[in-house]
Amino acid sequence: MATTRIDASPGLPFIDMTREFAAPRELVYRAHADPALLAQWIGPRRLTTQVDRLDVRDGGSWRYVQRDTDGSEYGFHGVFHGEPSPERIVQTFEFEGAPGHISLDALTLEEHDGRTTLRTHSVFQSVEARDAMVAAGMEGGVQEGYVRLDELIERLLVAAR
């Protein structure tokens, strides 16, 4: 099984992530750009996700809410910058529980031999804001979400055969 490499070097306001998926780039992109697919994999299993909007275009906005079994809700939103494509998505990311703490995330997808390498570079407003994101459990949510994305991709590939 693939693993996600996460680098949050001390003293820098960045988080870099890399993950390889056994799927063509177009399918990995679709899982990020289709609200019905995004809701199936983003975040930990214990949360359900409702995508309120996902307007994947330059200046388009997105928002989703994750709910815990106890009814707690966690909202996230942002705006796309530049024209999203299967090669690159640039967007802001803001957790509604910490308004004003916004990161700028650049996701690239590189296909080679039917596999796709996803790389994300997230820039935070400060090292403290980056550290708060890490302390909030971001790594566990990302790791589990990408395992769920692997599972979704496998289901989609099987259905396409």
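1. Leu-104 has Val-123 as its bridge partner in strand 8. Strands here are DSSP runs of E with at least two residues, and helices are runs of H or I with at least four, numbered from the N terminus. The model is predicted, with local features requiring pLDDT of at least 70 and side-chain atom pairs pLDDT 80 or more, while totals for chains, interfaces and linings use all residues. Residues are numbered from 1 along each chain as its sequence is written, and side-chain values use heavy atoms, without hydrogens or water.

2. Strand 7 (residues 102–112) runs antiparallel to strand 8, and nine bridges join them; pairing requires at least two DSSP bridges. The two strands form a hairpin with two residues between them.

3. Asp-113 lies in the loop between strand 7 and strand 8. Although not a glycine, Asp-113 has a positive phi of about 55°. Most residues other than glycine have a negative phi. Asp-113 counts as exposed because its relative accessibility is 81% (exposed is over 50%, buried under 20%, partly exposed in between; 1.4 Å probe, protein chains only).

4. Strand 8 (residues 115–123) also pairs with strand 2 (residues 14–21), in the antiparallel sense, over eight bridges. Within this pairing, Arg-19 has Leu-118 of strand 8 as its bridge partner.

5. Helix 4 (residues 138–160) has 23 residues and should span 33 Å at 1.5 Å a residue; its end C-alpha atoms are 32 Å apart, which agrees. The expected span is 1.5 Å times one less than the number of residues.

6. Buried residues of helix 4 include Met-138, Gly-141, Tyr-146 and Ile-153. The buried residues of this helix pack against strand 1 (5–7), strand 2, helix 1 (25–33), helix 2 (35–41), strand 8 and helix 3 (127–135), with contact meaning heavy atoms within 4.5 Å.
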